[in-house]
Amino acid sequence: MGTGTLHIDLDALAANWRALDAMTACETAAVVKADGYGLGAVPVARRLAREGARRFFVAVAEEGASLRNALGEGPEICVFSGHMEGDAAILAGARLTPMLNSPEQLSRHRHALPGAPYGVQLDSGMNRLGMEPADWAAVRAEAEAGPLRIVMSHLACADEPGHPANEAQLRRFREMTEGAGAPRSLSATGGILLGADYHFELTRPGVGLYGGLPFADATPVVSLSLPVIQVRDLAPGETVGYGCSFTATRPTRIATVAAGYADGLIRAMSGRATLFAGATPCPLAGRVSMDLLTVDVTDLAEVPGSLDILGPSQGVDDLAGAAGTIGYEILTSLGSRYDRRHTGEA
Ligand SMILES: *Cc1c(COP(=O)(O)O)cnc(C)c1O
């Protein structure tokens, strides 16, 4: 096997959904945008639908169409980017529910697809997507007269429980949705952890399902093993890789493994990240190449057939920390060359 093996534990995914669901008294949806945060939107959504999830969120209509094929009728599939120019056929064909972000999107949707359901996304202070308070005041009566399914907004700082933006957004969302004639949704993973005030009628966790922070008690979902292609011994003074950026300071054994920045192991990990043989750390030596990593395995009595970069010794957020990024980016960068193996009940 020349590619890495990415194990995705669907039982752990389901356990995370149940755990997040149990923290609230309301409905729990699932965010499966970006191919289920890199883990496969179809197997992820199928399992969560079996677990009881009735609503799924994607970023763009195209993602929703392939999800509809996989899930069949029944679950509601919601699109954060709303109704973009040219989306009418795909929204109607796949029976998607766009989260309308502006009065223009509302009028586009109601003209193109009269009677088709929609949600409304409100801006409560993040200034990214959603109707501003004045927009909403102007179109609210019209929006509520149609098949309005959800009124939602998104928190900018939910991963920082003490941040004053959380309470400010909560207050504005309450003001904007008082007397709303549809279920309200404010919280993703971080908002669920902020407590009941933030839950309303529906939550929309993403990263916590996949084992990432801010859900610190998540069950890990992914592990990634990379096959060793070759092992060599270096004398002190020899160098490794592009730019000769690693120099052996002792007799050193280097393993070359099959994954690189083209597989989402970003070049910023060079000289910083660590692989593992069981519990023994094996640091990267030299720069990350497109398809290869070079790893210092001098401390191993025996070099195994593969080394782990994600697993029990190093989770998604540990690796993210070493690479100067966040778990979300590690997950969604996981490359298409890996052999993805979904384990657990489908
Ligand atoms: C991505 C996203 C989510 C899920 O967020 P997580 O932090 O991954 O739980 C929820 N709502 C919106 C609007 C999003 O863009």
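Two strands count as paired if DSSP finds at least two bridges between them. Strands here are DSSP runs of E with at least two residues, helices are runs of H or I with at least four residues, and both are numbered from the N terminus. These legends describe a predicted model, in which local features need pLDDT of at least 70, side-chain atom pairs count only at pLDDT 80 or more, and totals for chains, interfaces and linings use all residues. Residues are numbered from 1 along each chain as its sequence is written, and side-chain values use heavy atoms, leaving out hydrogens and water.

**View 1. Strand β1 alongside strand β11.** Let's start with β1 (residues 5–9), which runs antiparallel to β11 (residues 222–234) and is joined to it by four bridges. Look for leucine 6, whose bridge partner in β11 is leucine 224.

**View 2. Strand β11 with β18 and β14.** Four bridges pair β11 with β18 (residues 306–310) in the antiparallel sense; here serine 225 has aspartate 308 as its bridge partner. With β14 (residues 252–257), β11 pairs over six bridges, again antiparallel, and aspartate 233 stands opposite arginine 253.

View 3. Histidine 83 lies in the loop between β5 (76–79) and α5 (88–93). Histidine 83 counts as buried because its relative accessibility is 1%, where buried means under 20% relative accessible area, exposed over 50% and partly exposed in between (1.4 Å probe, protein chains only).

**View 4. Contacts of histidine 83.** Leaving aside residues up to four places away in sequence, histidine 83 touches several residues, including Leu91, Pro98, Arg108 and Leu113; contact means heavy atoms within 4.5 Å.
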